Amino acid sequence: MGVKRGISGLRQILDRMEFPADKDRIVARALDEGGDEEILSALRAMPPADFYEAGEVLRAVPLPESEHARTESARARERGERGQRP
C-alpha cells in the first residue's frame, strides 16, 4: 500500500471514496489508506461537515501542491521517524 503524502497522496485517497462523506469518514479512510501525518492533521483540521465531492475536501485542507513544498516541520518529523537526526 505505501504511505501517501501531500496533495497527490490525498487525491489518491479521495479517488477511492464514495461521496457524500463526513469529516470523520474521510479521516478514517485516510488512516486506512496510509495517509501520512501531514494529511491526517490537515483532514482533522477541516470543519465538521458533509463533503459532496473530492474537490471540496481538497479546497478545505492546506496541503502543498508538490513534495518539494512540504514544511520544514514535516521533513523534520520524517527524519525523526527514520531514526535520523536533523
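**Helix packing and loop geometry in a predicted model**

The model is predicted, and local features require pLDDT of at least 70, side-chain atom pairs count only at pLDDT 80 or more, and totals for chains, interfaces and linings use all residues. Residues are numbered from 1 along each chain as its sequence is written, and side-chain values use heavy atoms, with hydrogens and water left out.

The protein chain contains five helices and two strands (DSSP runs numbered from the N terminus; helices are H or I of at least four residues, strands E of at least two). Along the sequence, these elements follow the pattern α-β-α-α-β-α-α. Of the 86 residues in the protein chain, 36% are buried (buried, under 20% relative accessible area; exposed, over 50%; partly exposed, in between; 1.4 Å probe, protein chains only). The chain exposes about 5,300 Å², of which carbon and sulfur atoms supply 49% (Shrake-Rupley method, 1.4 Å probe; for residues, only the protein chains shown count as cover). Among contacts in the protein chain with a separation of 6 or more, 57% are accounted for by residues 24 or more positions apart (contact, heavy atoms within 4.5 Å).

In helix α1 (residues 6-15), the buried residues are G6, I7, G9, L10, I13 and L14. Viewed down the axis of α1, these buried residues fall within an arc of 160 degrees, so they line one face of the helix (the arc is that of the directions from the helix axis to the C-beta atoms). The cover over the buried residues of α1 includes α2 (23-32), α3 (37-44) and α4 (54-60).

In α2, the buried residues include K23, I26, V27 and A30. They span an arc of only 100 degrees around the axis, which places them on the same side of α2. D24 and D32 are exposed on the other side of α2. The buried residues of α2 pack against α1, β1, α3, β2 and α4.

Two packed helices are described by the angle between their axes and the distance between the axes. For α2 and α3, the packing angle is about 175 degrees and the axes are 10 Å apart (axes are lines fitted to C-alpha atoms, for helices over the stretch in contact; angles run from 0 to 180 degrees between N-to-C directions). The two helices are therefore roughly antiparallel to each other (angles over 145 degrees; under 35 is roughly parallel, 65 to 115 roughly perpendicular, the rest oblique). K23, I26, V27, A30 and L31 in α2 meet I39, L40, L43 and R44 in α3. The residues of this contact comprise seven nonpolar, no polar and two charged (nonpolar: Ala, Val, Leu, Ile, Met, Phe, Trp, Tyr, Cys and Pro; charged: Asp, Glu, Lys and Arg; polar: the others, Gly among them).

The loop between α1 and β1 (21-22) holds P20 and M17. The peptide bond from F19 to P20 is cis, with omega near 5 degrees. M17 counts as buried at 9% relative accessibility. Not counting residues up to four places away in sequence, M17 touches R25, I26 and R29. The C-alpha atoms of M17 and A54 are 8.2 Å apart, with the residues 37 apart in sequence.

E53 lies in the loop between β2 (50-51) and α4 and, at 40% relative accessibility, counts as partly exposed. Its C-alpha is 9.1 Å from that of M17, and the two residues are 36 apart in sequence. Not counting residues up to four places away in sequence, E53 touches F19 and R59.
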